[in-house]
Amino acid sequence: MNTDNIVTLDHVSLNYHNLEGETPALENISFSVAKGEFIGIIGPSGCGKTTILSLIAGLIKPTSGNILVEGKKVDGPSDKVGYMLQQDHMFEWRTIQQNVMLGLEIQGKVNGESKQKVMHLLETYGLADFRHFYPQQLSGGMRQRVALIRTLAIDPEVLLLDEPFSAVDYQTRLALSDEVTNIIRREGKTALLVSHD
Ligand code: ADP
Ligand code: MG
């Protein structure tokens, strides 16, 4: 196996179980992502894209097969992986700065250094002047940028992006997709983006 691969899915299948029965969502999926790569997975709604990201994030376990991150079997969420969900999930009663700090708070990593890093990210990506604003005072594109910065703040090796542009209009989507690509490249991250579009 190529040791430069940061994410590997090895013959992964996943069936969801509920009262109505069983839904086979993924069948025998194998692929690898090399460090620093930016991979897009495109497919229609319901084909299993979110399921793939949730498996890599360690939120669900495969029915069969293995998932490796940095060569280690995934057996739960880890701070190596940052997951930006389809909805931006801002807390409306928290300011932008407080929203961006959330992941660090959960991990108990709020300190002078991490605060400075967040401030630097907000400055670099044009949000410093809005740090005391509330989410509803921002445009959809700005909220998406905040969600990305929140994910970057925990300094993950791998970024998982679930339809990051679906909530914004076409013009904003074009601008934002360039911007997000640049941000991820500049921060030197590996990224997996899924989209139906
Ligand atoms: P996508 O993100 O590509 O739209 P998903 O990964 O969300 O697709 O879903 C893949 C399939 O699994 C779909 O048929 C969906 O209905 C089903 N599914 C997703 N989540 C669940 C769940 N929690 N319970 C049962 N079935 C699910
Ligand atoms: Mg989905």
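This is a predicted model: local features need pLDDT of at least 70, side-chain atom pairs count only at pLDDT 80 or more; totals for chains, interfaces and linings use all residues.
Local features need pLDDT of at least 70 and side-chain atom pairs count only at pLDDT 80 or more, while totals for chains, interfaces and linings use all residues, and side-chain values use heavy atoms, with hydrogens and water left out. Residues are numbered from 1 along each chain as its sequence is written, and chains are lettered from A and ligands numbered from 1 in the order in which they are written.

**The largest pocket**

- The largest pocket holds about 590 Å³ of space; a pocket is an open set of points on a 1 Å grid over the protein atoms alone, where a 1.4 Å probe fits and protein lies on both sides within 12 Å along at least five of seven lines.
- Its volume is the space filled by probe spheres set on the points, with grid points joined across faces, edges and corners.
- The lining of the largest pocket, meaning residues with an atom within 4 Å of a point, is made of 22 residues, and those nearest the centre are Gly82, Tyr83, Gly103, Ile106 and Ile154.
- At least two lining residues come from each of strand 6 (81-84), helix 3 (102-106) and helix 5 (140-153), where helices (H or I, at least four residues) and strands (E, at least two) are DSSP runs numbered from the N terminus.
- Strand 6 is the element that gives the most to this lining, with 4 residues.
- By class, the lining of the largest pocket contains 12 nonpolar, 7 polar and 3 charged residues; here Ala, Val, Leu, Ile, Met, Phe, Trp, Tyr, Cys and Pro count as nonpolar, Asp, Glu, Lys and Arg as charged, and the others, Gly among them, as polar.

**The second largest pocket**

- About 260 Å³ of space lies in the second largest pocket, which is lined by 15 residues, with Phe165, Arg173, Ser177, Ser195 and Asp197 the closest to its centre.
- Strand 3 (38-42), helix 6 (170-186) and strand 8 (190-195) each supply at least two residues of this lining, and helix 6 gives the most, with 5 residues.
- The lining of the second largest pocket divides into 7 nonpolar, 5 polar and 3 charged residues.
- Ser195, one of the residues closest to the centre of the second largest pocket, is found in strand 8, and its side chain reaches the backbone nitrogen of Asp197 at 2.9 Å.
- Ser195 is buried, with a relative accessible area of 11%, given that buried means under 20% relative accessible area, exposed over 50%, and partly exposed in between (1.4 Å probe, protein chains only).

- The shell around ligand 1 consists of Tyr16, Asn18, Thr23, Ala25, Pro44, Ser45, Gly46, Cys47, Gly48, Lys49, Thr50 and Thr51, a residue being near a molecule if one of its heavy atoms lies within 4 Å of it.
- Oxygen atoms of ligand 1 lie 2.8 Å from an N or O atom in the side chain of Lys49, 2.8 Å from a polar side-chain atom of Thr50, and 2.5 Å from an N or O atom in the side chain of Thr51.
- Taken alone, ligand 1 exposes 560 Å², and the protein buries 62% of that; accessible areas come from the Shrake-Rupley method with a 1.4 Å probe, and for residues only the protein chains shown count as cover.
- Strand 1 (5-18), strand 2 (21-34) and helix 1 (49-56) each give two or more residues to the shell around ligand 1, and helix 1 gives the most, with 3 residues.
- The shell around ligand 1 has 4 nonpolar, 7 polar and 1 charged residues.
- Because 7 of the 8 residues of helix 1 are buried, helix 1 is largely enclosed by the rest of the structure; the buried residues include Lys49 and Thr51.
- Gly58, which follows helix 1, has a positive phi, near 80 degrees.

**Other residues in strands and loops**

- Thr8, in strand 1, is buried at a relative accessible area of 7%, and a polar contact of 3.4 Å joins its side chain to that of Ser32; such a contact is a pair of N or O atoms within 3.5 Å, where within protein one must be able to donate a hydrogen and the other to accept it, and residues adjacent in sequence count only if both atoms are side-chain atoms.
- His11 also lies in strand 1, is partly exposed at 47% relative accessibility, and has a positive phi of about 50 degrees although it is not a glycine.
- Glu70, in the loop between strand 4 (64-69) and strand 5 (72-73), has a positive phi of about 50 degrees although it is not a glycine, and is partly exposed at 33% relative accessibility.
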